[in-house]
Amino acid sequence: MTGASIGRKLIALTLVLALLPILCVLGFVAAKQIRDLRTEMLASSTMMGSIVAEYGAAALAFDEPHSAQEALNVLGRHEEFRDAALYDMRGRLFASFQQLGGGKSEVLPILLDPYAAKPRTDLEGDRIHVVQAVDHDGVRFGTLVLHTSTARLSASVNGYLYSLGLLIVVILLASALLAWALEKMISRRLRKLAEVAQRIAQKEDYSVRATDTGADEISLLAEAFNSMLAEIGRRQEQALQAVRVRDEFLSVASHELKTPLTSLKLQVQSLLEQPPSFSDHGEGQRMASSLALTDRQVRRLERLIGNLLDVSRIAVGRFHLQIEDVDLALMVRDVVAQFSAEIARSGTAVAVVLPEHAVGRWDPLRLEQVVVNLLSNALKYGDAKPIEIRVAVDDERARLIVHDRGVGVDASNHARIFERFERAVSVNYGGLGLGLYITRQIVQAHGGTIGVDSALGQGATFTVEIPRRRQEAI
Ligand SMILES: Nc1ncnc2c1ncn2[C@@H]1O[C@H](COP(=O)(O)OP(=O)(O)OP(=O)(O)O)[C@@H](O)[C@H]1O
Ligand SMILES: [Mg+2]
């Protein structure tokens with residue numbers, strides 16, 4: 001709905017409302033007037049024919065062409081009579097009349113079969129054709145043929161058409177004026193409001209305000225619109241403030257958590273490297289397995305805290321790449337080795353299809369995060385069914401595909417799962433909903449893309465494509 005279309009609708013509506021009834025009434029009146037005029041002309045032609053025939057009867061009876069001519073000449077006083085002819089009973093022309101300047105005469109020297117000439121009055125094209133029997137006391141003496149011009153009828157039809165046309169032009173002008181006034185009063189102001197709304201939708205700038213100086217419903221609408229904008233702006237500011245507080249908290253909390261975690265990790269690693277000796281073999285075994293469990297949990301905690309830290313870095317734009325030569329094939333092998341304990345524990349078969357080398361200019365730590373996130377998801381949501389990891393390279397790009405046969409993701413969630421804190425599984429599966437978000441940020445920072453092909457219960461295939469030689473930071 002645009003202002004222009006409202007304007008056009010107003011013009012159309014005004015035109016229809018003004019023109020339709022006027023045209024109907026005018027058309028009806030004109031048709032009636034023209035019909036009356038036609039009837040009147042036919043009647044007056046017939047009457048004139050009767051009068052002339054009356055005189056003609058006497059002239060024919062006494063064979064006085066001169067008197068007949070005089071009777072016919074009376075027609076000359078009315079210019080609508082074009083010509084007339086009086087015939088005797090043998091069909092011979094007895095007397096005739098031709099209007100001065102009346103054009104070509106239609107008077108025939110002989111009327112064929114005068115007995116057959118039936119009295120009639122007809123409208124034929126641009127003339128009225130009158131045939132009258134010339135008789136007296138039941139004795140027929142001849143026939144009168146009279147032609148009357150219909151110019152008066154045409155002139156009045158033309159007159160009506162002309163005034164109708166004029167009226168239409170006047171109404172068109174008046175309705176255009178009315179539509180312009182309506183457009184100025186309503187449509188233009190609504191369009192201004194719509195423009196403000198559009199600007200807000202495009203730029204998300206809630207500081208703009210609608211200006212309307214009227215004192216009617218539209219200005220009330222503008223006022224309501226402005227107070228709504230003020231409210232939205234206030235709430236947006238509150239929401240942004242809440243997000244800022246959350247990001248700040250995340251950043252501080254993850255930093256704070258990282259410090260004790262690092263020392264815990266070092267402790268666990270040194271214990272793993274130099275395990276304490278126990279006289280009892282069974283106790284030694286128990287200690288070793290509980291150390292391995294602690295190590296796994298510490299790594300998991302480290303990943304979660306690392307993710308939280310990354311999210312806060314991304315939020316404040318402090319997420320930079322350290323580009324160097326990296327072999328993706330080697331990296332995938334390393335990551336799978338890192339996960340060997342988890343893989344073994346879950347009983348999942350992980351097949352790896354790798355080229356000998358897949359070297360590119362990437363950030364090694366960040367790229368490793370991509371592989372780790374995708375593999376840990378495949379293990380977590382893979383239902384312990386076989387997983388495949390493939391790497392392929394061409395001159396331009398490297399492609400990493402992680403395919404599992406687990407719970408899968410419904411198509412309606414494909415876009416959502418790459419957003420912050422978004423998850424598409426029950427809370428039984430642990431996680432913060434950050435892995436894919438960070439993964440996508442890293443892939444995009446390398447100028448690449450990530451996509452998912454999956455359906456619920458049908459497993460999932462995540463495909464990452466990154467250019468081999470692009471260096472960009474976010
Ligand atoms: N391989 C997969 N199969 C099925 N669903 C998946 C798979 N990978 C991701 N998902 C879905 O996408 C959501 C988001 O994944 P993401 O890795 O961002 O978060 P998470 O695994 O829930 O938590 P974390 O932050 O620990 O990674 C998951 O919660 C899950 O619903
Ligand atoms: Mg994950």
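How far is an oxygen atom of ligand 1 from a polar backbone atom of glycine 433? In this predicted model, the separation is 3.0 Å. Two further contacts of ligand 1 are set beside this one in the table.

| Residue | Atom of the residue | Atom of ligand 1 | Distance |
|---|---|---|---|
| Aspartate 404 | polar side-chain atom | nitrogen | 2.8 Å |
| Leucine 432 | polar backbone atom | oxygen | 3.1 Å |
| Glycine 433 | polar backbone atom | oxygen | 3.0 Å |

The surroundings of ligand 1 comprise 20 residues, and the closest of them are Asn377, Arg423, Ala424, Leu434 and Leu436.

**Aromatic pairs**

A pair of aromatic rings is described by how far apart the centres are and by the angle between the planes. The count for this structure is two aromatic pairs. One of them joins tyrosine 381 and tyrosine 429: the ring centres are 5.3 Å apart and the planes meet at 50 degrees, so the pair is classed as tilted. Because tyrosine 381 belongs to helix H8 (residues 364-381) and tyrosine 429 to the loop between strand S10 (397-404) and helix H9 (435-445), the pair ties together parts that are 48 residues apart in sequence. Tyrosine 381 has a relative accessibility of 17% and therefore counts as buried. Tyrosine 429, with a relative accessible area of 25%, is partly exposed.

Phenylalanine 418 and phenylalanine 462 also form an aromatic pair, with 6.3 Å from centre to centre and 70 degrees between the planes, an edge-to-face arrangement. This pair likewise links distant parts of the chain, 44 residues apart: phenylalanine 418 is in the loop between S10 and H9, and phenylalanine 462 is in strand S12 (residues 460-467). Both phenylalanine 418 and phenylalanine 462 are buried.

**The cavity**

How many cavities of 30 Å³ or more does the structure hold? There is one, and the volume of the largest cavity is about 30 Å³. Its lining is made up of Leu328, Leu367, Val370, Ala398, Arg399, Leu400, Val464 and Ile466. H8, S10 and S12 are the elements that each give two or more residues to this lining. The greatest contribution, three residues, is that of S10. Sorted by class, the lining of the largest cavity contains seven nonpolar residues, one charged residue and no polar residues.

**The second largest pocket**

With seven residues, H4 accounts for the largest share. By class, the lining of the second largest pocket divides into five nonpolar, three polar and five charged residues.

Helix H4 also contains leucine 261. Is leucine 261 buried or exposed? Its relative accessible area is 6%, which means that leucine 261 is buried. Leucine 261 and isoleucine 305 are separated by 44 residues in sequence, while their C-alpha atoms are 9.3 Å apart in space.

Note on methods:
Residues numbered from 1 in each chain as written. Chains lettered and ligands numbered in written order. Predicted model: local features only at pLDDT ≥ 70, side-chain atom pairs only at ≥ 80, totals over all residues. Heavy atoms only, no water. Helix = DSSP H or I, 4+ residues; strand = E, 2+ residues; numbered from the N terminus. Nonpolar A, V, L, I, M, F, W, Y, C, P; charged D, E, K, R; others polar. Phe/Tyr/Trp six-rings, centres within 6.5 Å; stacked < 30°, edge-to-face > 60°. Buried < 20%, exposed > 50% of the residue type's maximum accessible area, 1.4 Å probe, protein only. Near = heavy atom within 4 Å. Polar contact = N/O pair within 3.5 Å; in protein donor to acceptor, adjacent residues only side chain to side chain. 1 Å grid on protein atoms, 1.4 Å probe; cavity = no way out; pocket = protein on both sides within 12 Å on 5 of 7 lines; lining within 4 Å. Points joined across faces, edges and corners; volume = space filled by probe spheres on them.
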